[in-house]
Amino acid sequence: VQLQASGGGSVQAGESLRLSCTASGYIFRIPTMGWYRRFPGKERELVATLGDDGSANYQDSVKGRFTISRDNAKKTVYLQMNSLEPEDSAVYFCYGAIRPSPNYEYDYWGKGTLVTVSS
């Protein structure tokens with residue numbers, strides 16, 4: 001199983017970016033997909049997650065600005081980031097809680113994608 005992310009880049013404050021992440025490999029089900037981020041010298045923190053039942057969870061600082069969505073058929077999760085702030089500058093990681101078979105579930109991570117927001 002692999003997670004391939006794309007969509008990072010450099011923008012000005014107030015602008016938008018959309019991150020995408022697609023899972024590939026032998027997958028039975030993906031209960032949860034989402035995004036984390038890491039600031040320099042800090043631990044990775046949750047940005048948003050979305051269950052395959054539609055349940056979403058957001059970090060307070062991104063509520064109202066970021067929207068997570070997923071296309072289950074494409075095994076893809078998206079993060080629409082609007083009204084970006086310099087404080088959102090970080091490396092963003094795609095996450096998936098993935099079941100390769102009905103009885104087993106593992107955590108998978110994509111390679112980080114850098115988001116830089118200039119003031």
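Me: Which residues do ring pairs link into a cluster in this predicted model?

Reply: In this predicted model, the cluster consists of Tyr-36, Tyr-95 and Trp-109, linked by ring pairs. A search of the whole structure finds four aromatic pairs. One of them joins Tyr-36 and Tyr-95 in an edge-to-face arrangement, with 5.6 Å from centre to centre and 65 degrees between the planes. The label edge-to-face applies because the planes are over 60 degrees apart.

Me: Is Tyr-106 buried, partly exposed or exposed?

Reply: The general idea is that a residue counts as buried under 20% relative accessible area and as exposed over 50%, with partly exposed in between. Tyr-106 has a relative accessibility of 40% and therefore counts as partly exposed. Tyr-106 is located in strand β10, which spans residues 104–109. Leaving aside residues up to four places away in sequence, Tyr-106 touches Gly-96, Ala-97, Ile-98 and Pro-100. By contrast, 36 Å separate the C-alpha atoms of Tyr-106 and Gln-12, which are 94 residues apart along the chain.

Me: Why is the disulfide of Cys-21 and Cys-94 described as left-handed?

Reply: The torsion about its S-S bond is about -85 degrees, so the disulfide of Cys-21 and Cys-94 is left-handed. As for accessibility, Cys-21 counts as buried because its relative value is 0%. Cys-94 also counts as buried, at 0% relative accessibility.

Me: What is the order of the strands in the open sheet of four strands?

Reply: The order is β1-β3-β8-β7, and the pairing is antiparallel. Strands β1 (2–6) and β7 (66–71) stand at the edges; each has a single partner strand, so one side of each is left without a neighbour in the sheet. On average, and with direction ignored, neighbouring strands of this sheet are turned by 15 degrees against each other. Six bridges join the antiparallel strands β7 and β8, the latter covering residues 76–81. Within this pairing, Thr-67 has Gln-80 in β8 as its bridge partner.

Me: In which sense does β11 pair with strand β2, and in which sense does strand β9 run relative to β11?

Reply: Strand β2 (residues 9–12) pairs with β11 in the parallel sense over four bridges. Ser-10 has Thr-116 in β11 as its bridge partner. Strand β9 (residues 90–101) and β11 run antiparallel and are joined by three bridges. Here Tyr-92 has Thr-113 in β11 as its bridge partner.

Me: Which side chains make polar contacts with that of Arg-37?

Reply: The side chain of Arg-37 is joined to that of Gln-59 by a polar contact of 3.2 Å. A polar contact of 3.3 Å joins the side chains of Arg-37 and Ser-61. Arg-37 lies in strand β4 (residues 29–38). With a relative accessible area of 2%, Arg-37 is buried. Leaving aside residues up to four places away in sequence, the residues that Arg-37 touches include Glu-43, Glu-45, Asp-88, Phe-66 and Tyr-92.

Key. Residues numbered from 1 in each chain as written. Predicted model: local features only at pLDDT ≥ 70, side-chain atom pairs only at ≥ 80, totals over all residues. Heavy atoms only, no water. Pairing = 2+ DSSP bridges. Helix = DSSP H or I, 4+ residues; strand = E, 2+ residues; numbered from the N terminus. Disulfide = S-S within 2.5 Å. Buried < 20%, exposed > 50% of the residue type's maximum accessible area, 1.4 Å probe, protein only. Polar contact = N/O pair within 3.5 Å; in protein donor to acceptor, adjacent residues only side chain to side chain. Contact = heavy atoms within 4.5 Å. Axes fitted to C-alpha atoms, helices over the stretch in contact; angles between N-to-C directions. Phe/Tyr/Trp six-rings, centres within 6.5 Å; stacked < 30°, edge-to-face > 60°.
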